[in-house]
Protein chains: 2
Amino acid sequence: MAANKRRGERSLVFDHPPRVISASSIVGDIEGAGPLKDAFDLVLDDDLWGQDSWEKAECRMFETVVRMTVEKAGMETGDVHCLLGGDLLNQIITANFAARQLGIPFIGLYGACSTMAESLLLGCMQIDGGYAENTVCTASSHFSTAERQYRAPLEMGNTTPPTAQRTVTGAGAVLLASGPMHNGGEKTYKNVCITGATLGKVIDLGITDSANMGAAMAPAASDTIVGHMRDTGKDITDFDAVITGDLGSFGSDMLKELCGEEGLDLTDRHLDCGNLIYAPSQDVACGGSGCGCSACVLSAHILPLIESGAWKRVLFIATGALMSPASSMQGETIPCIAHAVVLEGGI
Amino acid sequence: MAANKRRGERSLVFDHPPRVISASSIVGDIEGAGPLKDAFDLVLDDDLWGQDSWEKAECRMFETVVRMTVEKAGMETGDVHCLLGGDLLNQIITANFAARQLGIPFIGLYGACSTMAESLLLGCMQIDGGYAENTVCTASSHFSTAERQYRAPLEMGNTTPPTAQRTVTGAGAVLLASGPMHNGGEKTYKNVCITGATLGKVIDLGITDSANMGAAMAPAASDTIVGHMRDTGKDITDFDAVITGDLGSFGSDMLKELCGEEGLDLTDRHLDCGNLIYAPSQDVACGGSGCGCSACVLSAHILPLIESGAWKRVLFIATGALMSPASSMQGETIPCIAHAVVLEGGI
């Protein structure tokens with residue numbers, strides 16, 4: 001029998017906490033005009049980025065953000081033991097085609113906007129369990145590829161209701177390793193690791209409006225946060241911040257209510273990547289969404305704050321809405337999931 | 001540092017080999033008329049299975065095959081620590097909606113027809129590493145949902161070229177656990193475990209014809225088989241059978257040639273699930289495909305032969321073609337991947 005690393009119903013503890021070695025982010029021009037503009041590694045002028053389709057541009061973003069992350073650690077892609085990741089497109093073509101170019105052993109994931117936490121959770125099992133010495137966890141999304149796949153061609157100029165969120169054009173990657181990198185470059189982290197995780201369950205309270213995904217996802221986020229605290233015996237006050245992926249402003253309010261009903265007061269601790277990435281003046285309704293949203297904000301904003309010592313322990317919960325246009329057309333509601341990881345500094 | 005479980009470039013060894021406790025399969029009527037007809041747990045008369053869409057029928061198959069597998073082990077779904085799985089549909093709605101009904105902590109995967117091996121590989125890391133005591137690995141596909149999503153509405157009555165394969169209507173599930181189940185029912189396996197695995201890389205030799213997926217996938221299968229032998233120092237003769245997922249007859253011939261060029265003689269050892277599931281008289285061109293194909297044949301045919309002692313060691317390699325209709329329409333070739341696990345009896 002292996003040592004038991006399971007806690008409670010669905011949480012994990014990493015005895016050999018995987019270290020965050022490096023991270024990178026690439027975003028589109030609108031994200032690059034927001035409050036985190038100086039934190040991203042690369043801001044694109046143009047969301048086609050020299051390609052002949054938005055899908056190929058997103059693929060180039062995914063591939064490039066992985067290469068940037070690996071280079072920051074003083075490594076080459078051939079040194080990377082595994083690539084874990086996904087995106088929002090049918091058959092995760094962004095991730096699959098980028099993995100073809102990168103040549104790294106690859107595990108393809110689909111967790112909608114929960115992908116970044118899902119990949120970190122699996123990446124940590126790989127590292128902590130001795131199945132890899134290093135692994136790259138990645139997610140991306142693109143406003144223009146998502147709009148035409150999930151909603152309507154952009155050429156139609158549809159307007160969005162006030163509860164809608166804008167799919168972030170962005171890709172983020174995190175390199176995990178079993179210990180500090182001897183060949184680590186100057187841009188590496190020295191102080192951040194992942195000590196635990198909680199697996200999500202698929203939760204569906206019956207929301208059918210795909211322009212109100214924050215409301216659909218909030219119950220899944222609440223379920224995972226409550227599950228984490230129950231499994232580990234921790235409380236919200238044990239964390240400097242509890243950061244959800246992309247509930248946006250409406251979903252965030254709902255999350256606070258749902259957690260409040262379970263006796264967890266998120267008031268002073270909760271942040272949401274979908275709220276952090278855009279300024280209220282940017283006319284993006286309820287904020288950002290898309291799996292690139294939490295991936296970029298994690299890389300550009302959350303990890304540096306832990307590295308600097310400003311935050312000591314953060315619960316990062318990425319939330320995904322798991323419907324497809326086909327399921328919605330067949331009258332289905334929107335099932336959602338949230339996976340969580342515990343980021344810690346100073347260990 | 002955790003004990004190193006990595007071998008060579010991309011292979012894993014499981015020191016605490018996860019045991020196969022139970023497995024189940026559900027197939028459609030055409031699969032149920034093939035050579036393995038008596039081996040499946042359930043053969044459907046009708047591929048709508050009482051639902052109002054094929055997508056909902058596939059979802060019911062996925063959910064039911066998991067329930068059957070859990071029941072065989074004398075367990076309830078609430079006892080299961082994790083569900084790993086995926087399917088071929090956009091946003092893996094089959095798996096996501098089934099996971100909603102099952103309520104088991106869930107990791108969604110997209111590996112096209114490589115999904116069954118991908119889920120077993122990750123499930124083994126969970127069990128061997130102590131992150132779960134048991135986990136269910138699942139994959140499904142459905143002829144009618146796949147045809148209308150990937151190719152054309154069935155109502156058009158399109159014919160297929162001789163290199164095409166038929167997407168299997170089928171779902172398969174395998175319950176892994178860290179040791180024999182004390183409460184195991186009569187239908188459990190006592191003799192089968194998974195001792196190792198090899199991660200796939202995305203390989204693309206430039207095939208563009210989605211009616212010739214065997215040819216597209218054969219190089220990925222060959223790459224993983226060669227990688228496994230190189231990493232572990234084993235040879236084909238160390239295995240009683242080397243079984244690919246769904247290369248079909250044309251792709252199988254190509255695989256033998258490609259492996260032959262690397263000095264590996266598959267002649268007497270190779271089987272393919274896509275060839276095993278249909279009889280030549282069934283007019284299915286080059287055989288079966290779809291991630292349900294290898295999932296069902298594994299559950300219904302391969303595992304019983306290991307349990308009985310007929311086979312002692314089997315390399316199971318599920319192969320996936322990772323294109324989407326969008327990528328094909330944008331002129332892209334078909335990238336493919338193959339993941340492998342080592343199934344052993346008598347350990």
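Below is a short chat about a predicted model with chains A and B.

Me: What should I know about the numbering and the model first?
Reply: Residues are numbered from 1 along each chain as its sequence is written, and chains are lettered from A and ligands numbered from 1 in the order in which they are written. This is a predicted model, where local features need pLDDT of at least 70, side-chain atom pairs count only at pLDDT 80 or more, and totals for chains, interfaces and linings use all residues, while side-chain values use heavy atoms, with hydrogens and water left out.

Me: Is A:Cys273 buried or exposed?
Reply: A:Cys273 is buried, at 0% relative accessible area. The cut-offs are under 20% for buried, over 50% for exposed and partly exposed in between, with a 1.4 Å probe and protein chains only.

Me: Switching to A:Thr244. Which strand is that in?
Reply: Strand 11 of chain A, residues 241–244; strands are DSSP runs of E with at least two residues, helices are runs of H or I with at least four, and both are numbered from the N terminus. A:Thr244 is buried too, with a relative accessible area of 0%.

Me: What does its side chain make a polar contact with?
Reply: The side chain of A:His270, at 2.8 Å. A polar contact is a pair of N or O atoms within 3.5 Å; within protein, one must be able to donate a hydrogen and the other to accept it, and residues adjacent in sequence count only if both atoms are side-chain atoms.

Me: New topic. What rotation superposes chain B on chain A?
Reply: One of 180° with 0.0 Å of shift along its axis, giving an RMSD of 0.0 Å. That is the relation of a two-fold axis.

Me: How many residues are in contact?
Reply: 66 of chain B with 66 of chain A, contact being heavy atoms within 4.5 Å.

Me: How many salt bridges between chain B and chain A?
Reply: Four, each a side-chain nitrogen of Lys or Arg within 4 Å of a carboxyl oxygen of Asp or Glu. B:Arg100 and A:Glu332 meet in a salt bridge at 3.1 Å, N to O.

Methods
Least-squares fit on C-alpha atoms with pLDDT ≥ 70 in both.
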